[in-house]
Amino acid sequence: MELERLIRVAAGREPADLVLKNGYVVNVLSDEIQKADVALCGKNIAGIGSYDGRTVVDLKGQYICPGFIDGHIHIESSMLSVPEFAKVTATHGTTAVVTDPHEIANVLGIEGIRYMLASSKYCPIRVYVMLSACVPASALESAGAQINAVDLLPMLTDEWTLGLAEVMNYPGVLALDPQMLDKLKVAQERKCVIDGHAPGLTGRPLQAYIAAGIRSDHESTTLDEAREKLRLGMYVMIREGSQAQNLDALLPLVTPTTSDRFLFVTDDCDVEDLLDQGHMDYILRRAISKGLQPTLAVKMTTYNTARYFGLKDYGAVAPGFRASLTILNDLKQCRVTRVYQDGQLVAQDGACIPLPQFNARHQPVLRSTMNTHWLEPHQFAVKAPDSKTTQRVHVIEMIANQLVTQRRIEEFPVREGQIHADPTRDLVKAAVIERHLASGNMGLGFISGLGLQRGAIASSVAHDAHNIIVA
């Protein structure tokens, strides 16, 4: 009956449930902006043109866009639960995200992924999951869990699961690591999407990586790097998030000819930036301000992402597509005024419409992962290897707004047999403390670029194993 009614409404034989009138449709299919009504019937768009409806909303010249989609994000990095994240991002025009629960999976394994799937229900946005491919991220890390191909198999049948998340263990792919290859084979056999993660990989190693069926990458930081991946058939995800901003560097590669192979993602976006700047609307605004044609910018925020992930009825304002729509005041400020999900208003003028909430606080497994009772102050001492008054020490150098680091060697003072930090030169002691299994494992070293002058700072948000990092 729903299909029959959709056809009648589209043909003009029956009034639509809702008509958005006097708006301008951002048509990502024809690369144009057209003045037209948009008629909604249930969860779908019935037609574009001139329509009558039971309810009419006069948009007064505003722009009707497909709902925004974030093609790669770790929701855990926002420091919000999934429902709260959904409420915030919905007000910024996001109607769907493709999340990799890599962070919680490295702490809790499959239980963490199940939690993310369960808590994404009853939200104003659609939350699709890519199954975490690297738990642990490498053999050098001490994660709280391990996920093998056999663990992923039952979850690939879930309608909200789209494929295999970023394959960051590219050394394992190139070395033909059996466990890594098993995960790739499982995803390929089920014709799933496989995301990549290959910073700096080039030449034949990159070609071997792509030959394994990996079709996207969000780690390009230079034009040459992105161009090579584009030429070799990858979708290039242009990342603009809280931890890494690559839009300025990569946008010159986007042209009307190449734009189909690009999509915008955030990767990691913390709550302060979500509240202060926005989500995909912020990226859209920045891209347009840098000179990208508005229709192409919207397309890279919607249709391209939907096509890459096989979400066939998302990403465009056209008959039969899902009525997931974002209304903008204009195509410069890109202020979101209304958001529709499956034909229902879910956000308006910066406020989310209340929806049923999923409460996961009762799950004790989420609160039993911090096991550091063995830690003692003396374990933070860095002993000097000999009696010299200074020591040459390797230092991890942080790079602003990037995830990659550099190595350098510095002279450190030695007092009472211990190597000491030197905050006057921005050389700070750092420790990584295993927090999952109370193994007593602890790594010590020095970093620069943090700017810490006194005191200490610690975090259990520490990609990828999420042990405790102290500076």
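Visitor: How many helices and strands does the protein chain have?
Guide: The model is a predicted one. Both kinds of element occur in the protein chain, and the count is 14 helices and 24 strands.

Visitor: What radius of gyration does the protein chain have, and why does it agree with a compact globule?
Guide: The C-alpha atoms fill a box of roughly 90 × 45 × 45 Å along the principal axes. For 471 residues, a compact globule would have a radius of gyration near 23 Å, and the protein chain agrees with this, at 24 Å.

Visitor: Which residues of helix α8 are buried, and why are they on the same side?
Guide: Residues three or four places apart on an α-helix point the same way, because there are 3.6 residues a turn. Helix α8 spans residues 203-211, and its buried residues are Leu-206, Tyr-209 and Ile-210. They cover an arc of only 95° around the axis, so they lie on the same side of α8.

Visitor: Which exposed residues does the opposite face of α8 carry?
Guide: Exposed means over 50% relative accessible area. On the face turned away from the buried side of α8, the exposed residues are Arg-204 and Ala-211.

Visitor: What do the buried residues of α8 pack against?
Guide: Their partners include two strands, β9 (161-167) and β10 (193-196). The helices they pack against are α6 (170-174) and α9 (223-231).

Visitor: Which residue just after α8 takes a positive phi?
Guide: The phi is about 100°, and the residue is Gly-213.

Definitions and conventions
Residues are numbered from 1 along each chain as its sequence is written. This is a predicted model: local features need pLDDT of at least 70, side-chain atom pairs count only at pLDDT 80 or more; totals for chains, interfaces and linings use all residues. Side-chain values use heavy atoms; hydrogens and water are left out. Helices (H or I, at least four residues) and strands (E, at least two) are DSSP runs, numbered from the N terminus. The radius of gyration is taken over C-alpha atoms; the globule rule is 2.2 Å times the number of residues to the power 0.38. Buried means under 20% relative accessible area, exposed over 50%, partly exposed in between (1.4 Å probe, protein chains only). The arc is that of the directions from the helix axis to the C-beta atoms. Contact means heavy atoms within 4.5 Å.
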